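Here is a short report for a reader who is new to this structure. Please look at the sequence and the model first, then read on.

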Amino acid sequence: MALSPLNAISPIDGRYRSKVDALGNYFSEEALIKYRVLVEVEYFIALCELPLPQLESVSDSVFGELRKIYKDFSADDASAIKNIEKTTNHDVKAVEYFIKEKFDQLDLSDHKEFIHFGLTSQDINNTAIPLSIKEAMNDVYVSEYQKVLEKLQGLAKDWENIPMLARTHGQPASPTRLGKEIDVFVVRLKEQFNLLNDIPSAAKFGGATGNYNAHKVAYPNIDWKAFGTKFVQENLGLQHSFPTTQIEHYDHMAALFDALKRINTILIDLDRDIWTYVSMDYFKQKIKKGEVGSSAMPHKVNPIDFENSEGNLGIANAIFEHLSAKLPVSRLQRDLTDSTVLRNVGVPFAHTLIAFKSTVKGLGKLLLNEAKFEQDLENNWAVVAEAIQTILRRENYPNPYEALKGLTRTNEAITQSSISNFIDTLDVSDPIKSELKAITPRNYTGI
């Protein structure tokens, strides 16, 4: 059965494929193979530049042709490697054999035993995968994150002067401004993104058990640790983890996933707040001609984008959580559980991107219902009690909190009139009474 959006098992390869297609360049099987080829080729070039005595005759003029092996990598090349894997039953060894065939075509047959020289498969996997994650972050994730942030920043500015009744414990509370409440999410996202930028993209590179055993026994006078660090950090642009076991310890990768999870959690909080505001009629939603909100109730315009976002963020976080908890744990010098788990690394990124796009779409459909904001403020004059009792405290008025509590903690409606009448009973000067009467739910919004 040919794979199509209708028969794909995962919705990220089916229903949502168009939303996450860009991630295929980093997290597909073909992409993983390409990144492995990149590391193998760059490693051979680094050995030539060292140089190893046997590779001194390799001219740097051939490096461009070598790099074309991965720069011009095609789906046919990936299929060729998968066909080799049918015999080797080892994915990285299949890459090595593929590159050896390319060396034959480039008249480099005498040097092809220096492909994968002294390495274990994890030296390739533990550089290829962090490199793919780093580039996916820079090329895809950051731009989608910025769209969310910029949309929120725009709304925070647009709505900065919209007074709004706050709700703490779900109950009416001291008024705030809608733009400020959106800005809370802006600042939270920025702060977590700054932490994200501090996490290095780390990679293991050191031979079978991390000690350069094979390298040292073959060339004991070369500083292989210095070579490995230079290769990983300068050639690949990653941070060299050392010492390690046979595999990367994944502590930094776990930190990355935890940071991504926190950003997603902030957006879940946003999605739920906006969903609630819609249910409170603070927002209407733009109506798209021909669109159906409910199969049974024609009137409905549901906040589906925020629900879609919340659901996808939840799936993403569950997988990020598993990755960050599982990857740093490996039996002794290594077991294979990291390998199969890492094949899923693109999945939480995909669900995250789907969520980002849904949040942005939902925010773009919101229509401010200012009349509802005004109505809620007008119906809740009790919230100015805090302001009145605070000014009375300033004036050393006796028991101001208790006086306001007696007025407002009832089941009767508190109105502008009842507040004004209460102020008239206070034993304070007329200027103070004027100051108190100037306070309204619309202007008592702080800084």
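Thr176 sits in strand β2 (residues 171–177). Strands here are DSSP runs (E, at least two residues), helices are DSSP runs (H or I, at least four), and both are numbered from the N terminus. The model is predicted, so local features need pLDDT of at least 70, side-chain atom pairs count only at pLDDT 80 or more, and totals for chains, interfaces and linings use all residues. Residues are numbered from 1 along each chain as its sequence is written, and side-chain values use heavy atoms, with hydrogens and water left out.

Is Thr176 buried or exposed? Thr176 counts as buried because its relative accessibility is 7%. Buried means under 20% relative accessible area, exposed means over 50%, and partly exposed lies in between (1.4 Å probe, protein chains only).

The side chain of Thr176 makes a polar contact of 2.6 Å with the side chain of Glu181. A polar contact is a pair of N or O atoms within 3.5 Å; within protein, one must be able to donate a hydrogen and the other to accept it, and residues adjacent in sequence count only if both atoms are side-chain atoms. Beyond neighbours within four places in sequence, Thr176 is in contact with Ile162, Pro163, Met164, Ala166, Glu181 and Thr445. Contact means heavy atoms within 4.5 Å.

Strand β1 (residues 163–168) pairs with β2 in the antiparallel sense, over five bridges. Two strands pair if DSSP finds at least two bridges between them. Arg167 has Pro172 in β2 as its bridge partner. Thr168 stands opposite Gln171 in β2. The two strands form a hairpin with two residues between them. His169, in the turn, has a positive phi of about 60°.

## The whole protein

The protein has 19 helices and six strands. Its C-alpha trace spans about 100 × 55 × 40 Å along the principal axes. The radius of gyration is 31 Å, while a compact globule of 447 residues would be near 22 Å. That radius is taken over C-alpha atoms, and the globule rule is 2.2 Å times the number of residues to the power 0.38.

Buried residues make up 48% of the 447 residues. The accessible surface comes to about 22300 Å², and 50% of it belongs to carbon and sulfur atoms. Accessible areas come from the Shrake-Rupley method with a 1.4 Å probe; for residues, only the protein chains shown count as cover. Of the contacts with a separation of 6 or more, 77% join residues 24 or more positions apart.

## Nonpolar cores

The largest nonpolar core has 117 residues. A nonpolar core is a set of buried Ala, Val, Leu, Ile, Met, Phe, Trp, Tyr and Cys residues joined through side-chain atoms within 4.5 Å. Which members touch the most other members? They are Val37, Leu66, Ile133, Tyr141, Phe257, Ile274 and Phe349. Helix α7 (residues 121–158) gives the most to this core, with 15 residues.

Leaving aside neighbours within four places in sequence, Ile133 is in contact with Phe27, Met253, Leu256, Phe257, Val345 and Phe349. A second, separate core has 19 residues, including Ile391, Phe422, Val428 and Ile432.

## Helix α10

Helix α10 covers residues 224–235. Its buried residues include Trp224, Phe227, Gly228, Thr229, Phe231 and Val232. The buried residues of α10 pack against α3 (29–49), β3 (202–204), α9 (213–218) and β4 (239–241). Asp223 caps the N-terminal end of α10. A side-chain oxygen of Asp223 lies 3.4 Å from the backbone nitrogen of Lys225. After α10 comes Gly237, with a positive phi near 75°.

## Backbone details in loops

| Peptide bond | Omega |
|---|---|
| Leu50 to Pro51, cis | near -15° |
| Phe242 to Pro243, cis | near 0° |

Pro51 lies in the loop between α3 and α4 (63–71). Pro243 is in the loop between β4 and α11 (251–279).

Asp107 has a positive phi near 60° and is a residue other than glycine. Asp107 lies in the loop between α6 (91–105) and α7. Asp107 is exposed, with a relative accessible area of 72%. Leu332, also a residue other than glycine, has a positive phi near 50°. Leu332 is found in the loop between α12 (304–326) and α13 (337–342). Leu332 is exposed, with a relative accessible area of 75%.
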